[in-house]
Amino acid sequence: MRRFNVLDLFAGAGGFGLGFSEEKDSYNLFCSLEKDDWAVETLKANNSNGHKIIHDDIRNFHSCNQIRERINKTTDVIIGGPPCQGFSYAGPAKDPNDPRNTLFINYAQWVDVLRPKVFVMENVKGILTGVNASGEKVIDIIKKTFKSKGYYVNIWELNAAHYGVPQNRERIFIVGNRDGKDISEPARTHFLPLEEKGLNGSVKSLRQAISVIQAIGDLPNLDAGQGAEVADFVREPLTEYQIDRRRGASKLFNHVTMRHTKRIVKRYAHIIEGKGLNELPEEFKVRKRNGNGELSNSAYHSNYRHLKEDMISYTIPASFYSNFVHPNQPRNITSREAARLQSFPDSYVFKGKRTQISSKLLKQLGKEAENYLSQYNQIGNAVPPLLANAIAKRIYNFLVSI
């Protein structure tokens, strides 16, 4: 079999690269580039000595020679997801001048210098409608940029749930090749419950998407403030997904809960029972921060979302630590539970602090230099490995056909 060299840019915790490296006979993931200190610790903890990790900011590479000095292998495939916050639907109104919106230009520079057969660039759906300061559509700028470098581009809109990830997570993948050919999307392996009627007979060839409890139901029960970064499994896996994600892991990593007050624990208990925020007893309702006990009138669209047992998980964002309530335990989910919902194997360990205070507060404290990606950030930012693996298989079929 032919084996192709893969370079992972903006590697983060390594989810995208993991999906490729698991196809050991097809790919050699030889190098990852990442600037964040804690994410680099995660990459080092999960990759062998033969895997080169460049701990640097891609914006520090200004010339072809600088890139070639660090990459001395023929590079067949480049993958990566330039930070996408500037295009994200989530959060406040976005600034067209956000410098993170132009990082794809640095990605494109590496593609131009190394001339891979294929590149795959991941981003949020907002990139399809985002515009720059001049009103020009960002996706059109990206297409023109790569066309000028000799690459034909396909746009894939993929939902991770269709590929065995227990999560509704829609992302855009910009796929380019030098042969001027269309590369079709990977074939789906799973269907969402609401899609069953429209599938007709084809439903027989697909599996139903994985639910939250099918993904995390075997992990140890924890109360608020419990858990350890390294612990033992206390239950046998109950589902095919759980068995697959354990993969013989002897220890359980990163299964630590947040410390909640008794009041918040009781609030979560009511939510698990099915009560909405407006239906809670007054003593458990949400209060304004620094509001002297005054009740909040915020809708809290992102927080206090109950992950019900039989549902497919909501999208896991970079700052999910306070977003989701466990299906049947009155607390937020742990790093490991989120990693399961992102389809990371249990043997994959995340480094750095579990949570991080905001960059704004760090600046106020004079600690800007300590603004690193927490475990929660790393997990939420990642391309789910099972989705990445489906992409890797599809790209391999293309590469051996040309």
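Predicted model: local features only at pLDDT ≥ 70, side-chain atom pairs only at ≥ 80, totals over all residues.
1. Helix α4, length. Start with α4, residues 103–114. The helix has 12 residues, and at 1.5 Å a residue it should span 16 Å. Its end C-alpha atoms are 17 Å apart, which agrees with that expectation.

2. Helix α4, surroundings. Of the 12 residues in α4, 9 are buried, so the helix is largely enclosed by the rest of the structure. The buried set runs from Leu103 and Phe104 through Asn106, Tyr107 and Ala108 to Trp110, Val111, Val113 and Leu114. What do these buried residues pack against? Their partners include the strands β1 (4–9), β2 (27–34), β4 (77–80) and β5 (118–124). The helices α3 (64–70) and α5 (138–148) also pack against them.

3. After α4. Arg115 follows the helix. Its phi is positive, near 50 degrees.

4. Cysteines. How many disulfides does the structure hold? The count is 0. Take Cys31: its closest cysteine sulfur is in Cys64, 17 Å away, which is too far for a bond. A disulfide needs the two sulfur atoms within 2.5 Å. Is each of the two buried or partly exposed? Cys31 is buried, at 0% relative accessibility. Cys64 is partly exposed, at 40%.

5. Asn254. This residue is not a glycine, yet it has a positive phi of about 65 degrees. Asn254 lies in strand β11, residues 252–256. It is buried, with a relative accessible area of 0%.

6. Ser343. Here too a residue other than glycine has a positive phi, near 80 degrees. Where is Ser343 placed? It sits in the loop between α10 (335–341) and α11. Ser343 is buried, and its relative accessible area is 0%.

7. Surface patch. Ile357, Leu361 and Leu365 form a nonpolar patch on the surface. Together they have about 240 Å² of accessible area. Leu361 belongs to helix α11, residues 359–364. Why does Leu361 count as partly exposed? Its relative accessibility is 34%, and partly exposed covers values between the buried limit of 20% and the exposed limit of 50%. A patch residue needs over 30% relative accessible area, so the 34% of Leu361 passes that cut-off.

Key: Residues numbered from 1 in each chain as written. Heavy atoms only, no water. Patch = residues over 30% accessible without salt bridge, like charges linked within 9 Å, V, L, I, M, F, W, Y side chains within 5 Å. Areas by Shrake-Rupley, 256 points an atom, 1.4 Å probe, with all protein chains shown as cover. Salt bridge = Lys/Arg side-chain N within 4 Å of Asp/Glu carboxyl O. Helix = DSSP H or I, 4+ residues; strand = E, 2+ residues; numbered from the N terminus. Buried < 20%, exposed > 50% of the residue type's maximum accessible area, 1.4 Å probe, protein only. Expected span 1.5 Å × (residues − 1). Contact = heavy atoms within 4.5 Å.
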